[in-house]
Amino acid sequence: MQCDSIIMDKSKVSSIPEIQANHMEAQIVHEAAIGRINNEQLLKLETFGLSEEEAEDVIVNAFLS
């Protein structure tokens, strides 16, 4: 599942992750809580000369700021 959005002009995007379990002992995690780094973004940054680790740092830092 991928949750990317492109926002143009005065558009709005609302993305509310939700997961439900109907069992008291269920242990679940929504994929949005894990957060995956997009391989295409990594590849793009690596073509600019960054190592994979440097590219990951750029993506994570941009997400956090």
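Residues are numbered from 1 along each chain as its sequence is written, and side-chain values rest on heavy atoms, with hydrogens and water left out. Because the model is predicted, local features need pLDDT of at least 70 and side-chain atom pairs count only at pLDDT 80 or more, whereas totals for chains, interfaces and linings use all residues.

**View 1. Overview of the protein chain, with three helices and zero strands.** Along the sequence the elements follow the pattern α-α-α, where helices (H or I, at least four residues) and strands (E, at least two) are DSSP runs numbered from the N terminus. The accessible surface comes to about 6,400 Å², and 52% of that area belongs to carbon and sulfur atoms; areas were computed by the Shrake-Rupley method with a 1.4 Å probe, and for residues only the protein chains shown count as cover. Of the 65 residues, 9% count as buried, a class that means under 20% relative accessible area, with exposed meaning over 50% and partly exposed lying in between (1.4 Å probe, protein chains only).

**View 2. The N-terminal end of helix α2 (residues 39–47), capped by N38.** N38 sits in the loop between α1 (31–34) and α2, and it counts as buried because its relative accessibility is 18%. A side-chain oxygen of N38 lies 2.7 Å from the backbone nitrogen of E40, a polar contact in the sense of a pair of N or O atoms within 3.5 Å, of which, within protein, one must be able to donate a hydrogen and the other to accept it, while residues adjacent in sequence count only if both atoms are side-chain atoms. After α2 comes G49, whose phi is positive, near 100 degrees.

**View 3. A patch of negative charge on the surface, gathering E46, E52, E53, E54 and D57.** Patches are built from residues with over 30% relative accessible area and no salt bridge, like charges being joined within 9 Å and nonpolar side chains (Val, Leu, Ile, Met, Phe, Trp, Tyr) within 5 Å. A salt bridge is a side-chain nitrogen of Lys or Arg within 4 Å of a carboxyl oxygen of Asp or Glu. Helix α3 (residues 52–64) gives the most to this negative patch, with four residues. E54 lies in helix α3 and, at 41% relative accessibility, counts as partly exposed.

**View 4. A nonpolar surface patch formed by I37, V60, F63 and L64.** Together these residues present about 420 Å² of accessible area. L64 is found in helix α3, and it counts as exposed because its relative accessibility is 64%.

Terms used: Lys and Arg count as positive and Asp and Glu as negative; His and the chain ends are not counted. The place of a charge is taken as NZ of Lys, CZ of Arg, CG of Asp or CD of Glu.
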